[in-house]
Amino acid sequence: MRPPSGRIGCALTLSIFASIGLTIVYALGGQTQLEGLLLFVALGGIAVALVGWAHNFLPKGPFEQSREERMAKPVAETEAEESFEAGADVVGRRYFLVRMLGLAVAALGAAAVFPVRSLGTRPGRSLSVTSWRTGRRLVTEDGRPIKAADVIEGTLLTVFPEGHTDAMDSQTILVRLPQQIVKPLPGREDWSPDGIIAFSKVCTHAGCPVGLYNEESHRLFCPCHQSVFDVLKAAKPIAGPANRALPQLPIRVDTGGYLVARSDFHEPIGPSFWSIDHA
Amino acid sequence: MLRKLARWIDDRLGTSRFVEESLNKIFPDHWAFLLGEIALYSFVVLVLTGTFLTFFFTPSLTQHIYHGTYAPLHGVKVSDAYNSVVNLSFQVRAGLVMRQTHHWAALVFIAAMVVHLCRIYFTGAFRRPREINWMIGVTMLLLGIFNGFSGYSLPDDLLSGTGVRIMYSVLLSVPIVGTWLAFLIFGGDYPSTSIVSRLFVLHVMIVPAALAAMIGAHLAIIWRQKHTQFRGPGKREDNVVGPRLWPTYAFNSIGLFFGVFAVCTALGGLIQINPVWLYGPYNPSQVTSPAQPDWFMGWLEGALRIFPNFEPHIFGWVIPNVFFPAVLLPGVTFMLLYAWPFIEAKVSGDYGPHHLLDDARDRPVRTALGAATLSFYVMLFLAASNDILAKSFNVPVGNITWTFRGLVLGVPPLVGLFVHRVMRALQRDDPRRFTELPLEAVTEGD
């Protein structure tokens, strides 16, 4: 066993070598793992040396100090209060001016709040509308229009309105169901041509993209918080935290054979908000 | 030379009395008193490494095609922010070690604060006169969690981008003002082009400045009130026993700083963290699966996952589902944390000053409540991995979710009762350590 001073010296020597090594590694172009290790040794050496030094050579005591009680010092407190009140009395005599000063500060404070409004645009109806319009074609993310035949049973296709592939509130998923099992809701009978059915891809729980599809059970999964939507029941949530069905996009096939939107979504897409029922 | 300088300063500022007092100041010695220091020193590591990172990071969401040295991303549309993070990881010398050390130090920082908070709670160090410091500490935890979140959101990668999307939905869920709140903070409808630059200013300036100010206040108050100490021979309410600041405590503490720094750099150099080039750039129509946030967001993530699909409509107005787990839960959590010193004083009727710490067994109810509360958050944390558990054990994720709903409600009371029994047994049979406690003492009860 080395004497403590020897061990401390050793730790410091290691630290010095590691620091030199670090400069060399850096000069040679850097290497993440080596840098980490050398930094560990360089810093750790100093740590070991300081703590070892304190442990072996420095007075540990224990020493004792009294803890002066500052809880109950009525004298000092009263003095402070008196000093404050003496000044406040002089000020308070100008009763009218004190009021005006308060009013001026309050008015300035209120005026200073207004720039907060500059931070963002007015919500208006922006949560209720997307970029889908009547007759607008469905295109893939790279802008390719889609024919009904392009939608293959069992796969999930993400589409956008033509010319708006960066409109993230408009992202929509297409799935094709065997024609015989499609049971459209009343009023939606002509929304799913050839068994192709379109839902908003934005989860109604916290807004993640609903990106997973199980073709056997015809269920859509949100990978963020595991909400499950049943495509056979108009994307009604059947498990997990989501509460609202994924809004369905009415679509049809146009004369050129391309899929187009019949209209925008009929309800707000994405997560709920306070006034969603009025939107 | 140094002596001359000291005298010169003293002539002008009259500092020598303060310095003399300070150097002789006594700090009680216990390993558990170092937890807060670990938080402090990891904050220093964060400032040092973070400053380096700001020299290379571009807080902008302008999109362009990637042409850097990382081949798998060639031709991919990325934002300036993402691009700059990939570049600082691969093209800036020592960039990756700095970035990973920064991320690890953030995890250590928040972990140290949480463990420190537990120490303060279980030893009763929050009691009068230390309520102010407790509240400053809770505020620092809140700011630390916010800055952890804002920090990992900056690279605009697929994993964190999804987190930012969820944050938008959470803001949107606030009753009455939610829509405006989300639009003002993000600058408009989602996705926003200004959120990264806004988070950046908060992350590198406002929050660190606030943290630094609060650390200053936290330490100044400790300085003024003097540190608490455990009960022991020669230790009384009216004294402090331990080594002096100079030189012993200073050597140990600065040694600890180097130790914390060393561990952070070793983690940063050797263990990969947040490899954003593997996640890919953020694209709102894509998502990684499975997706887990950093550990300190785990309790909120778990709560979002297991909260039932409850969404009340009241007179035509809606309280969105995410409001309950993501706004109400953290709101109540932090309100209770802030109020705890006052709640306990009120319930126990003990309003007096305390400088000697409690042993956890001396306060079975407080200890049991603390343990139960902790187990509640641990269950929420674990629930955030329901997708991974489902995959690993090949069980439907719904079953795991239901199991966790049960565990979150069922485990805390059991833990509370068990801990209460153990503490009572420790008090009654008085073995020095928990490990020396005979099993019968716990099973028999009072």
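I took a salt bridge to be a side-chain nitrogen of Lys or Arg within 4 Å of a carboxyl oxygen of Asp or Glu, and by this rule I found 15 salt bridges over all chains. The model is predicted, so I noted that local features need pLDDT of at least 70, that side-chain atom pairs count only at pLDDT 80 or more, and that totals for chains, interfaces and linings use all residues. Residues are numbered from 1 along each chain as its sequence is written, chains are lettered from A and ligands numbered from 1 in the order in which they are written, and side-chain values use heavy atoms, with hydrogens and water left out.

I looked up B:Glu344 and B:Arg366, whose side chains meet in a salt bridge (2.7 Å, N to O). B:Glu344 lies in helix H13 (residues 323-348) of chain B and B:Arg366 in helix H14 (residues 364-383) of chain B, so the pair ties together parts 22 residues apart in sequence; helices (H or I, at least four residues) and strands (E, at least two) are DSSP runs, numbered from the N terminus. B:Glu344 is buried, at 11% relative accessible area, and B:Arg366 is buried too, at 5%, where buried means under 20%, exposed over 50% and partly exposed in between (1.4 Å probe, protein chains only). Both belong to a network of salt bridges that also links B:Arg127, B:Arg231, B:Asp358 and B:Arg363.

I then turned to helix H2 (residues 16-23) of chain B, where B:Glu21 and B:Arg17 lie 4 residues apart, about one turn of the helix, and form a salt bridge with their closest N and O atoms 3.1 Å apart.
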